[in-house]
Every structure is written in C-alpha cells, then in structure tokens.
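Visitor: Please take me through this entry, beginning with the loops.

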Amino acid sequence: MKNVRERLEYLKRYKMTIEVKEELDRALETMTDEELEDFSKEFRKHRHTTKDRKEIEWYPTIDRERCVSCKLCYDFCPKSVYSFMDEMVKVTNPYECVLMCSHCTTLCPECAISFPKDEDFIDYIEYR
Ligand code: SF4
Ligand code: SF4
C-alpha cells in the first residue's frame, strides 16, 4: 500500500493543468503527511474523465473457470459493481467501477479477476 506522498506523486502521470500541478507540488513541498491526507481528499475534486464514463470500457471481468464464488470481491467493492445471483458473483454495474482502480484483483484468492491494460486508459483521466 502506497503512503499518501507516493499516492499523490503517482497522480502526476495523468494530464493536469499547470495550476493544478502547481497546487499539488506546493502541497507536497510544504505539508505534513497528516495534512496531505486531507489535501488528498480535496484534490479529488479536480479529477474528471475526458469522456462519458459509459463510453470507457474499464471494469473487471471474472474468469468463470477460476471463480469459486467466495464473494470477497462482492463484499469488498464500495461501488457495488458486483452482484450475487444464482449462487454466482457477477459484474452487473460495470460503469460504477472506479476508473484506473483494480483493487479487487488483489483480494481474489483464485486470480479470477482481470482488468484491461491501464496504459490504454490513462488518457481518459485529467485533473483540472
Ligand atoms: S476496482 Fe474497485 S470499484 Fe472497481 S470493481 Fe474492483 S473494488 Fe469495485
Ligand atoms: S474474489 Fe475471486 S473467487 Fe471470490 S467471488 Fe470474486 S472473482 Fe470469484
């Protein structure tokens, strides 16, 4: 798990206006880690997708051969991307998935969850 400084540095790979980049650099230079946690939450307001989320095919795919319906992904996902029906976990709200996040893959004991390559989606996020 990255610390708050690493998480904020990581955001610099996305497109950013000069003003937003300067705001980020200033915070990283002058704030304590505790202050940066609050800053990080506020900073999210700058994040936008470059086109309608429903036109961006970023969401998990479950390998049915591997999945054992343990429900870990279903229980974890804060966006209710998954549903449990007919004794199976299914992706029923794909466009609720947080763009460029793939946290649930790390939880799956069967390595049954996959996402597209993130480098193909990096241009769909911008900070302005
Ligand atoms: S990446 Fe996050 S939002 Fe997307 S399905 Fe997994 S847990 Fe849910
Ligand atoms: S965590 Fe993996 S094995 Fe468990 S329900 Fe989700 S996809 Fe299936």
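**Loops, ligands and sheets**

Guide: Lys71 is found in the loop between β3 (61–62) and α4 (72–76). Helices (H or I, at least four residues) and strands (E, at least two) are DSSP runs, numbered from the N terminus.

Visitor: What should I know about the source and the numbering?

Guide: This is a predicted model, in which local features need pLDDT of at least 70 and side-chain atom pairs count only at pLDDT 80 or more, while totals for chains, interfaces and linings use all residues. Residues are numbered from 1 along each chain as its sequence is written, and chains are lettered from A and ligands numbered from 1 in the order in which they are written.

Visitor: Back to Lys71, then. What is its phi?

Guide: Phi of Lys71 is near 75°, a positive value in a residue other than glycine. For context, most residues other than glycine have a negative phi.

Visitor: Is Lys71 exposed or buried?

Guide: Lys71 is exposed, as 12 other C-beta atoms lie within 10 Å.

Visitor: Which residues are around ligand 1?

Guide: They are Pro60, Phe76, Cys77, Lys79, Val81, Cys97, Val98, Cys101, Ser102, His103 and Cys104. A residue belongs here if its C-beta atom, placed from the backbone, lies within 6 Å of the molecule. By class, eight are nonpolar, two polar and one charged. In this scheme Ala, Val, Leu, Ile, Met, Phe, Trp, Tyr, Cys and Pro are nonpolar, Asp, Glu, Lys and Arg are charged, and the others, Gly among them, are polar.

Visitor: How many residues surround ligand 2?

Guide: Ligand 2 is surrounded by 14 residues, and the closest are Cys67, Cys70, Leu72, Cys73 and Cys108. Eleven nonpolar, one polar and two charged residues form that shell. Cys108 in turn touches Leu72, Cys73 and Ile113, not counting residues up to four places away in sequence.

Visitor: Which residues make up the largest nonpolar core?

Guide: The core has ten residues in all: Trp58, Cys73, Cys77, Val81, Tyr82, Val89, Cys97, Cys108, Ala112 and Ile113. Such a core is a set of buried Ala, Val, Leu, Ile, Met, Phe, Trp, Tyr and Cys residues joined through C-beta atoms within 7 Å. Across the chain of 128 residues, 10% count as buried.

Visitor: Let us turn to the strands. How many bridges join β4 to β5?

Guide: Four bridges join β4 (residues 82–85) to β5 (residues 88–91), and the two strands run antiparallel. Strands pair if DSSP finds at least two bridges between them. Phe84 stands opposite Val89 in β5. The two strands form a hairpin with two residues between them, and Asp86 in the turn has a positive phi of about 50°.

Visitor: What order does the open sheet of three strands have?

Guide: The order is β1-β7-β2, with mixed pairing. β1 (15–16) and β2 (47–49) are at the edges with a single partner strand each, so one side of each has no neighbour in the sheet. β2 pairs with β7 (residues 125–127) in the antiparallel sense over three bridges, and Arg47 stands opposite Tyr127 in β7.

Visitor: What about the chain overall, and its domains?

Guide: The chain has four helices and seven strands. Its C-alpha trace spans about 50 × 30 × 20 Å along the principal axes. Domain 1 covers 4–49 and domain 2 covers 53–120, with bounds taken from an automatic or database domain assignment. Their C-alpha centres lie 27 Å apart.

Note on methods:
Buried ≥ 20, exposed ≤ 12 C-beta atoms within 10 Å, placed from the backbone. Contact = placed C-beta atoms within 7 Å.
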